[in-house]
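User: I am new to this structure and would like to learn how to read it. Can we go through it feature by feature?
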Amino acid sequence: AFKPYNIARLKSGPCARFFVLALERIMRTVENGNDLENLFRPTVERMGYELVDIEFVRSGRQPLLRLYIGSPQGITVDDCAAVSRQIGALLDVEDVISSAYLLEVSSPGLDRPLKRPEDFERFAGHQVSLRLHLPMDGQRRFVGELLGLQQDCVLLKVDQDIKRFPLADVAKARLVPEL
């Protein structure tokens with residue numbers, strides 16, 4: 001699911017006021033039901049790609065809206081440019097972001113994030129790095145073989161133990177690149 005940048009953290013730092021206000025407007029837009037993931041996903045999928053992730057990051061004076069797309073054949077620069085043109089046009093028509101922003105479309109890379117329940121099934125058998133919102137058994141980070149998803153719990157083989165993590169407790173999960 002889409003998670004906007006942490007405004008509370010920005011307000012305590014040396015961030016310019018206009019940047020904070022722009023991100024607050026973006027967050028209100030998303031919170032008011034204009035979920036960017038639901039807006040972008042149909043367009044990206046019609047083009048033959050998968051929408052892997054969306055994030056906002058601070059980049060100079062303007063917020064950066066970054067989309068990660070995937071494909072079984074891999075992603076080229078031309079793929080990113082085509083999706084960027086389509087999403088840019090969609091954003092112009094829908095006008096969901098009222099302030100200036102930069103749009104970037106990229107491949108998720110070898111350390112691809114796992115976001116949706118389907119991702120945890122699809123990448124079963126791969127090594128993953130998992131971070132929890134709150135510690136379990138005194139730790140928040142785990143690395144092991146992903147065994148899949150069972151009853152909304154991520155199954156991870158860590159050393160010789162099989163651990164169960166409720167999907168709602170997972171803050172971040174990424175594939176570990178195989179060298």
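User: Which residues lie nearest the centre of the second largest pocket?

Analyst: This is a predicted model, so keep that in mind throughout. The residues nearest the centre of the second largest pocket are G109, L110, R112, F123 and L175. They belong to a lining of 19 residues.

User: How much space lies in the second largest pocket?

Analyst: The second largest pocket holds about 350 Å³ of space.

User: What classes of residue line the second largest pocket?

Analyst: Sort the lining by side chain. Nine residues of this lining are nonpolar, seven are polar and three are charged.

User: Where is G109 found?

Analyst: G109 sits in a loop. That loop runs between strand 3 (102-106) and helix 5 (117-122). G109 has a relative accessible area of 40%, so it is partly exposed. Y68 is 41 residues from G109 in sequence, yet their C-alpha atoms are 8.9 Å apart in space.

User: Let me step back to the whole chain. How many helices and strands does the chain have?

Analyst: The chain has five helices and eight strands. Their order along the sequence is α-α-α-β-β-α-β-α-β-β-β-β-β.

User: What share of the residues counts as buried?

Analyst: Burial compares how much of each residue a probe can reach. Under 20% relative accessible area counts as buried. Here 41% of the 179 residues of the chain pass that test. Now turn to the surface. The chain exposes about 10300 Å², and carbon and sulfur atoms supply 48% of that area.

User: What share of the contacts joins residues at least 24 apart?

Analyst: Take contacts between residues at least 6 apart in sequence. Of these, 54% join residues at least 24 apart.

User: Where does H133 lie, as one case to study?

Analyst: H133 lies in strand 4, which covers residues 127-136. Its relative accessibility is 42%, so H133 counts as partly exposed. Set aside its neighbours within four places in sequence. H133 then contacts R140, A168, D169, V170 and A171. K172 is 39 residues from H133 along the chain, and their C-alpha atoms are separated by 8.4 Å.

User: Where does E94 lie?

Analyst: E94 lies in helix 4, which covers residues 77-94. E94 is partly exposed, with a relative accessible area of 41%. L39 is 55 residues from E94 along the chain, and 9.1 Å separates their C-alpha atoms.

User: How is a pair of aromatic rings described?

Analyst: Two values describe a pair of aromatic rings: the distance of the centres and the angle of the planes. The count here is one aromatic pair. The ring centres of F142 and F165 are 4.8 Å apart, and their planes meet at 50 degrees, so the pair is tilted. F142 belongs to strand 5 and F165 to strand 7, so the pair ties together parts 23 residues apart in sequence.

User: Are F142 and F165 buried or exposed?

Analyst: F142 and F165 are both buried.

User: Where are Q151 and D159 placed?

Analyst: Q151 is in the loop between strand 5 (139-150) and strand 6 (153-158). D159 is in the loop between strand 6 and strand 7 (161-166).

User: Are Q151 and D159 buried or exposed?

Analyst: The cut-off for exposed is over 50% relative accessible area. Q151 has 71% relative accessibility, so Q151 counts as exposed. D159 is exposed too, with a relative accessible area of 68%.

Conventions:
Residues are numbered from 1 along each chain as its sequence is written. This is a predicted model: local features need pLDDT of at least 70, side-chain atom pairs count only at pLDDT 80 or more; totals for chains, interfaces and linings use all residues. Side-chain values use heavy atoms; hydrogens and water are left out. Helices (H or I, at least four residues) and strands (E, at least two) are DSSP runs, numbered from the N terminus. Buried means under 20% relative accessible area, exposed over 50%, partly exposed in between (1.4 Å probe, protein chains only). On a 1 Å grid over the protein atoms alone, a cavity is a set of points where a 1.4 Å probe fits but cannot get out, and a pocket is an open set with protein on both sides within 12 Å along at least five of seven lines; lining residues have an atom within 4 Å of a point. Grid points are joined across faces, edges and corners, and a volume is the space filled by probe spheres set on the points. Ala, Val, Leu, Ile, Met, Phe, Trp, Tyr, Cys and Pro count as nonpolar, Asp, Glu, Lys and Arg as charged, and the others, Gly among them, as polar. Rings of Phe, Tyr and Trp (its six-membered ring) pair if their centres lie within 6.5 Å; planes under 30 degrees apart count as stacked, over 60 as edge-to-face and the rest as tilted. Contact means heavy atoms within 4.5 Å. Accessible areas come from the Shrake-Rupley method with a 1.4 Å probe; for residues, only the protein chains shown count as cover.
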